[in-house]
Amino acid sequence: INLIHEVLFTGVILANGIPPVSQNQDSLPASFADFTNCRIVLDCTEIQVAIPGHMDEQCATYSHYKHRNTLKGLVGVAPNGYVTFTSSLYPGSCSDKEIVRHSGVLNEMAPGDLVIADKGFLIQDLMPQGVSLNLPPFLTTPQFTETQAQLTSKIARARIHVERGIQRIKLFNILGFIPHQYRSSATKIFQVCSALTLLQDPLLKEVQPQPEPPTATTPTVPEPPSVSAAASPVCVPVPAAAVPRPASTAAASPVCVPVPAAAVPRPASTAAASPVCVPAPAAAVSRPASTAAASSACVPAPAAAVPRRTAPSVHVSATPARPVCPVQGCKVCGISDHRVLRTCRRCRCMYHHMCQNEDEDGKLCNDCFHASLLR
């Protein structure tokens, strides 16, 4: 704790001191618009401590405001919310005026500075020459006047920042309760915790550094690569007669010569159909000299001379149709209940099994069953 206290508190807060008014002007929030010459906002806070063993120490540390044994410290906050002053811890029974006198915070004030504090800081007689003190007005009448109410509201908006700064210090769990073994180091622990709040984000959003807007940059278009003279081949048209062709392509593809449809004999249904082309020797077709041996020609031929594929015949089996019994119902009772009707496999008549039950298998009617027995 001694090393951390020397680095953070002694090397940062005490080395820099309380910032002057001119430096506070650069980050002055809107709530200090009526207190532009404010240099520091003061307030005290109390930390609970273990009950001492000696009676005189118990009386010194007992706080009539908190109703328990405490240690009291003075905290000073700049208008922008940063902690700029932290005193040592004093017994809880000490008054705010005595702590301010003993801490020596007023010795760092300069003429023209303004100090804002609570009503309990009756330190008007301790102020250096040229340093002013701004306290909320006391209620000396049954009701505040309009001017006093407005002044109280303005001071409260400015003083709230020191309350928030103290809250950040007391958020460290080690300051929730100071046991006996840490009492001798309580002041250094309190001052280190106040210095650690300087490493956090600012209390006020309006004093936080705003990120710079991105600058619009013009996209650079890359230059196309230079094309050399031998990069790509150049095509030059050449006459077809000057291009040698292999002998195997002499009969490559036939050339079709249109012939009027009327000159081709066709059936009556297809008289106006398209002409049929059959290959003809290339010598029989007149061509230019350059393409005379290119391919064979195609001469229309009669449609009757062209063999055509006939459709395969479809074989239909000559299975006799199943005879239909003229009797719609049972030939015994005449009821046409097709759910219980049966068909004789020999005469194909319809009968109920209940009406003709001589055939145990139920496949023949009684007549056919008797005829089978006679045979």
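The legends below describe a predicted model, in which local features need pLDDT of at least 70 and side-chain atom pairs count only at pLDDT 80 or more, while totals for chains, interfaces and linings use all residues. Residues are numbered from 1 along each chain as its sequence is written, and side-chain values use heavy atoms, with hydrogens and water left out.

View A. Cys344 has 0% relative accessibility and so counts as buried; buried means under 20% relative accessible area, exposed over 50%, and partly exposed in between (1.4 Å probe, protein chains only). Cys59, at 53% relative accessibility, counts as exposed.

**View B. Helix α5, residues 146-170.** Helices (H or I, at least four residues) and strands (E, at least two) are DSSP runs, numbered from the N terminus. Helix α5 has 25 residues and reaches 36 Å from its first C-alpha to its last, close to the 36 Å expected at 1.5 Å a residue; the expected span is 1.5 Å times one less than the number of residues. A kink of about 30° is centred on Ala158, the bend at a residue being the angle between axes fitted to the seven residues ending there and the seven starting there. Ala158 is also one of the buried residues of α5, which include Ile155, His161, Val162, Gly165 and Ile169. The buried residues of this helix pack against strands β1 (38-48), β3, β4 (83-86), β6 (114-116) and β7 (132-134), and against helix α6 (186-196); contact means heavy atoms within 4.5 Å.

**View C. Salt bridge Arg159 to Glu163 within α5.** A salt bridge is a side-chain nitrogen of Lys or Arg within 4 Å of a carboxyl oxygen of Asp or Glu. The closest N and O atoms of Arg159 and Glu163 are 3.2 Å apart. The two residues are separated by four positions in helix α5, about one turn of the helix. Arg159 counts as buried at 11% relative accessibility, whereas Glu163 is partly exposed at 34%. Both belong to a network of salt bridges that also links Asp43 and Asp118.

**View D. Salt bridge Glu57 to Arg183.** The structure holds nine salt bridges. In the one shown, the closest N and O atoms of Glu57 and Arg183 are 3.1 Å apart. The pair links distant parts of the chain, 126 residues apart: Glu57 is in helix α3 (residues 55-61) and Arg183 is in the loop between α5 and α6. Glu57 counts as partly exposed at 29% relative accessibility, and Arg183 counts as partly exposed at 28%.

**View E. Salt bridge Lys72 to Asp96.** The N to O distance between these side chains is 3.4 Å. Lys72 lies in strand β3 and Asp96 in helix α4 (residues 96-103), so the pair ties together parts that are 24 residues apart in sequence. Both Lys72 and Asp96 are buried.

**View F. Backbone at His67.** Most residues other than glycine have a negative phi. Phi of His67 is near 60°, a positive value in a residue other than glycine. His67 lies in the loop between β2 (62-63) and β3 (68-77). The relative accessible area of His67 is 58%, so this residue is exposed.
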